[in-house]
Amino acid sequence: MLNTKDLLGIKELTPEEIYSILDTASGFKDVLQRDIKKVPPLRGKTVVNLFFEPSTRTRTSFELAAKRLSADVVNFSVATSSVTKGETLKDTALTIKALGADFVVIRHSSAGVPHFLSRLLDISIINAGDGANEHPTQALLDLFTVLSHKKKIKGLIIAIIGDIVHSRVARSCIYAFVKLGARVRVICPPTLTPPEITNLGIEVFHNMEKGLEDADVIMTLRLQLERQSKGFLPSLEEYFYLYGLTSERMRVAKGDAIVMHPGPMNRGVEIESEVADGRQSVILEQVTNGLAVRMAVLYLLAGVKK
Amino acid sequence: MPKQLLDHNDIKRIIRRMAHEIVEKNKGTENLCLVGIQKGGVILARRLASQIETIESSRIEVGTLDITFYRDDLNTKTDQPVVKKTEIPCTITNKTVVLVDDVLYTGRSIRAAMDALIDFGRPAYIRLAVLIDRGHRELPIRADYAGKNLPTSFQDRVEVTLTEDGKKDKAVLISGK
């Protein structure tokens, strides 16, 4: 049961709303295993993917999720749109509304853009990543994946490794796992630690061996190579040497710990191939679950009274 | 005050009769499959199946079907539905599938159930078995096997409770006025 017309972030959701999305997603996961993978609830609805940042997997996942629900999908990508001709965000949004869209899935490099659109338009806005703020569907699919392996969230030790300061995935995951009662740790270089982090109810480590001890879930983040020009790290080799996830380092975690990565992976930078392809890796499952979770979000938002 | 319509003995007799009707019409259990609609039809389908197995001494397949994603009232309902399990244990193509539900009312659930079922294959026949037919149809749908026909008012509610062992079965009418 969702109570708002939009999905702006995990911060805005209650634990009950989160569980309602996850329960609905498990119904859709069953649908995705059938011969006919399409159901009719969003027939006649239009979903617009409005991506101001490059993305293949999230956009494709939303597109496929909408199509599996029988919605029509339009991809509005910035490189080919009027934005390059100087159109403002507001005018772009109003144009999309005027075309008759029911949902806008938005990704933007600035935090708060989905919130701005939410106030501007009375149709459903789904945040697919806004700056370094949130990426709620990624956190929901991570919760779903953890829940399917561990059968619970409460009390689990979740270790999130990497570039926390630039990561919206990290923020959404921290909110999500803390809300459902997990013990969240972040492991990151001091230069990539956001200052507000101590207020979030989590533990901060700068050492892999200490941070991974007894972990149930190990989540490595993509080192955002495009954001490392400001000298946060001496070199990628040093990053791998200190923070790369290797099978050697995994030994201090629980024996049945699962390894997750939101993709796309930089093999040999944040994660060793042996771990990425190893038996504890659930990275490809995350992709499949992402589809089910995004179907659940679209479906539940369609049922909210506007 | 709820009015008792059927007690557990009534329901036991009805299930026995319906089971006989189903095997009579189907001439046995060959190519027969029962599918209970979530969630009122699930236990009824299992009870009918075990009765049929007793009568015919042969096993028949029983499935469950969730129709949430096929409903036509996503935008008008006040509460969002909860998704339940769908399990179709056998191929349904060229079979006789008996859809089973507790109460037949507007017929909209049955419309959704037929759409959901057809996504799993092409049955030779789809039949409908319900414990109570309370009238007020909004679609051209009728039951092939009805336990009890019951005239009701539009404002009434009919609640059926079925248990696996049948001991606490009952159907009650909650009057709308």
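**Domains.** I looked up the domain division of chain A in this predicted model. Chain A splits into domain 1, made of 15-134 and 287-302, and domain 2, covering 136-283. I then took the distance between the C-alpha centres of the two domains of chain A, which is 26 Å.

**Between the domains.** I looked up the contacts next: 19 residues of domain 1 of chain A touch 17 residues of domain 2 of chain A. On the domain 1 side, H1, strand E4 (124-130) and H11 of chain A each give at least two residues. I sorted that side by class and noted nine nonpolar, six polar and four charged residues.

**Chain A as a whole.** I noted eleven helices and nine strands in chain A. The C-alpha trace of chain A spans about 55 × 45 × 35 Å along its principal axes. I checked the radius of gyration of chain A, 19 Å, and it agrees with the value near 19 Å for a compact globule of 306 residues. Of the 306 residues in chain A, 47% are buried. Among contacts in chain A with a separation of 6 or more, 75% join residues 24 or more positions apart.

**Chain A against chain B.** I turned to the partner chain and found 14 residues of chain A in contact with twelve residues of chain B. Helix H1 (15-32) and helix H11 (283-302) of chain A each supply at least two residues of the chain A side. H1(A) gives the largest share of that side, five residues. By class, I noted eight nonpolar, three polar and three charged residues on the side of chain A that touches chain B.

Conventions: Residues numbered from 1 in each chain as written. Chains lettered and ligands numbered in written order. Predicted model: local features only at pLDDT ≥ 70, side-chain atom pairs only at ≥ 80, totals over all residues. Contact = placed C-beta atoms within 7 Å. Helix = DSSP H or I, 4+ residues; strand = E, 2+ residues; numbered from the N terminus. Nonpolar A, V, L, I, M, F, W, Y, C, P; charged D, E, K, R; others polar. Domains from an automatic or database assignment. Rg over C-alpha atoms; globule rule 2.2 N^0.38 Å. Buried ≥ 20, exposed ≤ 12 C-beta atoms within 10 Å, placed from the backbone.
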